[in-house]
Amino acid sequence: MSNEAEVEAVVTAVKQSTKYGDTSEATIRELAAEAVRQHKKSKPAIKAVRARLHSIMAPYLGDPDYPAAAARLDAAFAAHDNAAIEAICHDCLHAHLSTRERLPILAEFYERIFAITGRPQSILDIACGLNPLALRWMGLEAVSDGRSVRGQLAVSSEWGAVPDLKFYAYDIHEPRIAFINHYFRLEGLPELAKVQDVAMDFPQEAADVALFLKEMPRFERNYGGRGRPLLEALRANFLVISYPTISTHGGRNLTNRYREFMFQLIQGHDWPVTELLFDGELVFVIDKR
Ligand SMILES: C[S@@+](CC[C@H](N)C(=O)[O-])C[C@H]1O[C@@H](n2cnc3c(N)ncnc32)[C@H](O)[C@@H]1O
């Protein structure tokens with residue numbers, strides 16, 4: 001078999017697997033090319049790609065049932081039922097560990113971050129997971145009479161009026177991105193979620209704020225050394241980088257370790273940094289202007 005044919009065979013095998021078939025083909029192809037260089041036979045090459053994907057995709061963090069959640073959202077939006085819409089978004093956020101851990105601090109989280117950055121009109125949500133479903137807790141909705149319409153009985157048509165918000169979201173999990181675009185469409189937002197491997201293709205869109213939440217340690221481990229060039233390349237006024245304060249498995253406190261890790265990553269740049277410590281999440285707001 002030629003090298004190209006071997007890569008193709010590995011890509012096909014992984015794409016057909018139940019566990020990793022939902023991953024971006026570009027990501028699988030890149031990993032397959034690397035695995036084929038290291039392994040002579042396709043079986044160990046497939047195994048190597050699956051092992052890398054386990055670490056990159058972290059499927060153990062959880063997913064909602066996307067078709068069922070989309071159908072529930074369709075019905076709630078059709079009925080203009082804001083309580084139901086928010087309950088479904090909440091359920092989706094709860095289905096994935098990263099967003100589940102953020103639920104108790106959600107409103108305070110974005111309030112404190114956007115108090116530093118200003119209310120963004122454009123966002124890059126990098127390695128987004130399900131975080132875009134937190135849109136209704138970001139305080140970005142239309143303002144009427146100087147007051148946010150949230151908290152009052154806002155109807156979904158008012159949500160469509162989020163003024164000119166451009167919400168770009170990037171992930172390599174295809175059904176997740178399709179679901180986020182489905183949700184954006186229902187909210188009246190442009191469908192700016194993309195299946196894009198941000199380790200291979202740094203996002204090019206310009207924005208007020210770039211979020212890179214709870215993924216940097218894994219990103220550095222999976223793509224050794226691409227974290228710093230990614231942060232340098234991002235065309236955003238503010239970078240918001242976060243870390244879990246407690247380890248997923250061991251319950252160890254990681255605050256000091258990740259604080260040090262963050263400052264090493266941006267060493268040599270004179271970017272002003274504000275640290276925000278939440279219950280469960282350590283956030284750095286970096287001013288790149
Ligand atoms: C731990 S979750 C974090 C989710 C979200 N940022 C949050 O904190 O709620 C990591 C996400 O990054 C995505 N991911 C991992 N590597 C990626 C890459 N190279 N490009 C784009 N997305 C990636 C995974 O598919 C997963 O959805």
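My notes follow in that order.

I am working with a predicted model, in which local features need pLDDT of at least 70 and side-chain atom pairs count only at pLDDT 80 or more, while totals for chains, interfaces and linings use all residues. I number residues from 1 along each chain as its sequence is written.

Ligand shell. I looked up the 20 residues around the ligand, of which Ser 98, Ala 127, Gly 129, Leu 213 and Lys 214 come nearest; a residue is near if its C-beta atom, placed from the backbone, lies within 6 Å. At least two shell residues come from each of α3 (42–57), α6 (97–102) and β4 (166–171), where helices (H or I, at least four residues) and strands (E, at least two) are DSSP runs numbered from the N terminus. I sorted the shell by class into 11 nonpolar, five polar and four charged residues, with Ala, Val, Leu, Ile, Met, Phe, Trp, Tyr, Cys and Pro as nonpolar, Asp, Glu, Lys and Arg as charged, and the others, Gly among them, as polar.

Domains. I find the protein chain divided into domain 1 (3–57) and domain 2 (66–287), with bounds from an automatic or database domain assignment. Nine residues from domain 1 and nine residues from domain 2 make the contact, which requires C-beta atoms, placed from the backbone, within 7 Å.

Helix pair. I noted that Tyr 66, Ala 69, Ala 70, Leu 73 and Phe 77 in α4 meet Pro 175, Phe 179, His 182, Tyr 183 and Leu 186 in α9. This contact divides into nine nonpolar, one polar and no charged residues.

Note on methods: Two residues are in contact if their C-beta atoms, placed from the backbone, lie within 7 Å.
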